[in-house]
Amino acid sequence: MERTQEHAATGGPDGPAARAGETGAALELLVHGVGGTTPQDMLGDPRTVRITGDDTAAVFRRADDVDAEHGPGAGRRDGPVPEAYVWCNLTSGNGTRALWLLLLPFMVVNLAHWMRPSARDRRRTIRLYGLLVRLAGLTLTVLLVAAACEVALDLTAWQCAGTAACADRHSWLGFLSPTVSDGGWWSAPGRRLALAAVVPTALTGLLWYLSRRTWSDYESQQPIARDLEPDEDPGPTALGRPGFWYGRRLVARLRAAHTAAGLLTVAAAVASAAVRRDRAPGGPALLYTLGLLLEAALVACAVAVVWVVCRRGRSENRLDRKLDERSVRRLPPVALVLLALTLLYAGWDRPGWRSDGRLPGDTAFGAIALVQGLLVVLLAAVAHTLHRTDPDRRAVLRGLGGPAVALLACALGGVMSGGVAQRVSDWLDGTGASIDGPPVLLTWQASVIPPLLLVLLGLFGWLAHRAWTLARAERDAVARDYPDENLDRARTRRIASTRAMASLTDRGPRIVAVTSGVTLLLGAGALVGALTTDETPGEAAQGTTPVVHGAAETAQALGSWLIGLGFILFVTWGRRAYKDAAARRTIGILWDVGTFWPRAAHPFAPPCYAERAVPDLTWRMATWTRATGGRLVISGHSQGSVLAAAAAWQLAPSDRRRVALLTYGSPLERLYGRWFPAHFGPAALSSLHRDVDCWRNLYRLTDPIGGPMRLPGDGGPQVDHPPLKDPLAYGRTDLLPLPAPILGHSDYQADPVFAEERRLLLARLRPGVPAPRDTPEPPAA
């Protein structure tokens, strides 16, 4: 996505003129889009002043407009007072944001929670949908911590430190090796595991700290406290409910449950080896009994964790400031105590105990993959049931967008976990023969990556052919749009190609459908192959035809190499983003789209910036309109239009009817309406059109993100302006003597239609009194 360049044209011939005889101030609240910009660019003035907010998000004005609505001549001012709300630091601030790349699977599964289809009178089914997504998120936490246990406990402490050849190559493991340290105190297998458990425990603690810290920094801002008015209709979307943008109670409860789950995963990984040793013939009876009691306690605590996750999710009808004290304050400490007891139990002296092969319990990865697959299948069945109750032809994959994205989140978590384990194993085992390496399931999962890439290459080839076909068809449309021009073949081809490439956004659901479907089939095949053979693909294919054996060996080697390459690129990108502000801003664009929604399915996902931005905008609009009684246009570009719509929904009905909405380059229907139909579907956008005083939407055919709202009935023409011309002029003109650029998603203010539509919106509004609902809409410019 391009970085937006916002230039607010105010005053002068392009600025809106006040209606004759009209008094009262007018305000235009500008909200930028993805990638961010500066207040100087948004306001078109190098001298800007922050009037409210902090270094994270703030409202700016030009220095000359600081007291514009109260100063002399406020009522005779030409044009509105422009204000710029700058929120880009919420997603692309300091270098630590680069670490959020590690939380990518958690962010994706959180998106799946909000992608449920719209439904009528199916409250229990809706709750079941949310429950299944939360359970899928819990499995991702367990998978991440299990991967850390695989690296620290199995590969390092159990296999490498227990093998003389591997320990000799890594001197820092000498004190853990029975041969190098000559039977030192730390060389006992249980003590090695207890010491290595510090790594996954620290990772769990880091995730807990980040979740708690980001909540206080981003999401702790409370919306305007209000109750639903007696005659107020909550409408078809939950975004207007008073407690939607304040999820403190749910996030705190899920954070406690996921933290406890991570600690219990570490305890189970350590206890599995010690319990198997004590169950062997001749094992000490006391330790065997203690092991059984410890396992029972771990299972009981795990059941409590699942019960906390299964509890009812969010409370949105009111601003819920309470906390579930029992689960929040007791569950993580109990899990930490059980972990400490487990480490003490494993570190007890057991003469003759040696670490051979892989760490017991490596089948845990297979169990996690199986549970994730079952959850995704059940989620798809529930989503299909919801979609059938209220079909939406524009919804992605007929309501199955959420299950498809949840499956991709699980696959992404598996690839990241397997990639780390494979790279660490290759680093520790230089010869490739001293240790057994990671569980065979991780090798099978790596081996299915090349076939998946082949499918994706074919899919992208189809997209390229589709773009070429559309570009040829668009050439005639370009000629019709510029009938009086001497057409230039290269210029026409470039405009048509830009339009064709922009239209490929609407093919995104097919890419997700094919990717998720192939991933499900290949993942199921990898799981079956690993469980039935307990061998790597190359070993399992021995004795078959040369073609099959060669393909298996090639897929295994190529998959391991691709995972290693992906892991290196991932780390390199994160390191570059830590040091480079431009790269950090690129990552911020990803978070602009992915972290708009509250953390309702996974507490370790990157923080929701909208829980800070939406209350900011709501407070600003409500306080300004009530204090001045003036007119207000909230003007949102790209992702800023989504924030503007969400803030308008949060206003009280009396305040909402005094606000006009101007959106341009908006993904409200094209992306959010299709992918999140329960919250931005046709009924929700139609209600927004009815609730605000007036709404106008601008878009271009060359814009890959923005599009029309497509409201049913008369709402469509009233809201959507016909597509803007892009470029503004085909050839050279007196006003544009140089070739006009193709703007695409940026610089909507450069089009004269923008200033005219803003003028018409302000003309419709009345100071302090909303316009009658039967007032005709302004004609298209």
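Mentor: A residue is called buried under 20% relative accessible area, exposed over 50%, and partly exposed in between (1.4 Å probe, protein chains only). This is a predicted model, in which local features need pLDDT of at least 70 and side-chain atom pairs pLDDT 80 or more, while totals for chains, interfaces and linings use all residues. Numbering starts from 1 along each chain as its sequence is written, and side-chain values use heavy atoms, without hydrogens and water.

First, the setting. The chain has 781 residues, and 55% of them are buried. Its secondary structure comes to 26 helices and seven strands (DSSP runs numbered from the N terminus: helices are H or I with at least four residues, strands E with at least two). The chain exposes about 33200 Å², and 60% of that area comes from carbon and sulfur atoms (Shrake-Rupley method, 1.4 Å probe; for residues, only the protein chains shown count as cover). Of the contacts (heavy atoms within 4.5 Å) with a separation of 6 or more, 81% are between residues 24 or more positions apart.

Start with the charges at the surface. Arg123, Arg124, Arg127 and Arg312 form a patch of positive charge there. Such a patch takes residues with over 30% relative accessible area and no salt bridge, joining like charges within 9 Å and nonpolar side chains (Val, Leu, Ile, Met, Phe, Trp, Tyr) within 5 Å. Lys and Arg count as positive and Asp and Glu as negative, with His and the chain ends not counted, and a charge is placed at NZ of Lys, CZ of Arg, CG of Asp or CD of Glu. Arg127 has a relative accessible area of 40%, so it counts as partly exposed.

Next come the paired charges. The model has 23 salt bridges, each being a side-chain nitrogen of Lys or Arg within 4 Å of a carboxyl oxygen of Asp or Glu. One of them joins Arg758 and Glu28, with N and O 2.5 Å apart. Arg758 is in helix H26 and Glu28 in strand S1 (residues 26–31), so this pair links parts of the chain that are 730 residues apart. Both Arg758 and Glu28 are buried.

Another salt bridge connects Arg61 with Glu83, whose closest N and O atoms are 2.6 Å apart. Because Arg61 is in strand S3 (residues 58–62) and Glu83 in strand S4 (residues 81–86), the pair ties together parts 22 residues apart in sequence. Arg61 and Glu83 are both buried.

Asp481 and Arg499 also meet in a salt bridge, at 2.7 Å from N to O. Here Asp481 in helix H13 (residues 449–481) is linked to Arg499 in helix H14 (residues 489–503), 18 residues apart. Asp481 is partly exposed at 30% relative accessible area, whereas Arg499 is buried at 7%.

Helix H26 holds another arginine to look at. Arg764 lies in this helix, which spans residues 752–764, and is buried, with 5% relative accessibility. Between the C-alpha atoms of Arg764 and Asp693 the distance is 8.4 Å, although 71 residues separate them in sequence.

Helix H24 covers residues 682–691, and its buried residues are Ala684, Leu685, Ser686, Ser687, Leu688 and His689. These pack against several elements, among them helix H20 (639–650), strand S6 (659–664) and strand S7 (694–698).

Helix H19 (residues 610–628) contains Met621, which is buried at 1% relative accessible area. Beyond its neighbours within four places in sequence, Met621 contacts Leu29, Leu632, Ile634, Ala647, Ala648, Leu651 and Val659. Met621 and Arg658 are 37 residues apart in sequence, with 9.8 Å between their C-alpha atoms.

Last, the backbone. Most residues other than glycine have a negative phi, and most peptide bonds are trans. Arg710, in the loop between S7 and H25, has a positive phi, near 55 degrees. Arg710 is partly exposed, with a relative accessible area of 42%. Ser638 also has a phi near 55 degrees, but Ser638 is buried at 1%. The peptide bond from Asp726 to Pro727 is cis, with omega near 5 degrees, and Pro727 sits in the loop between H25 and H26.
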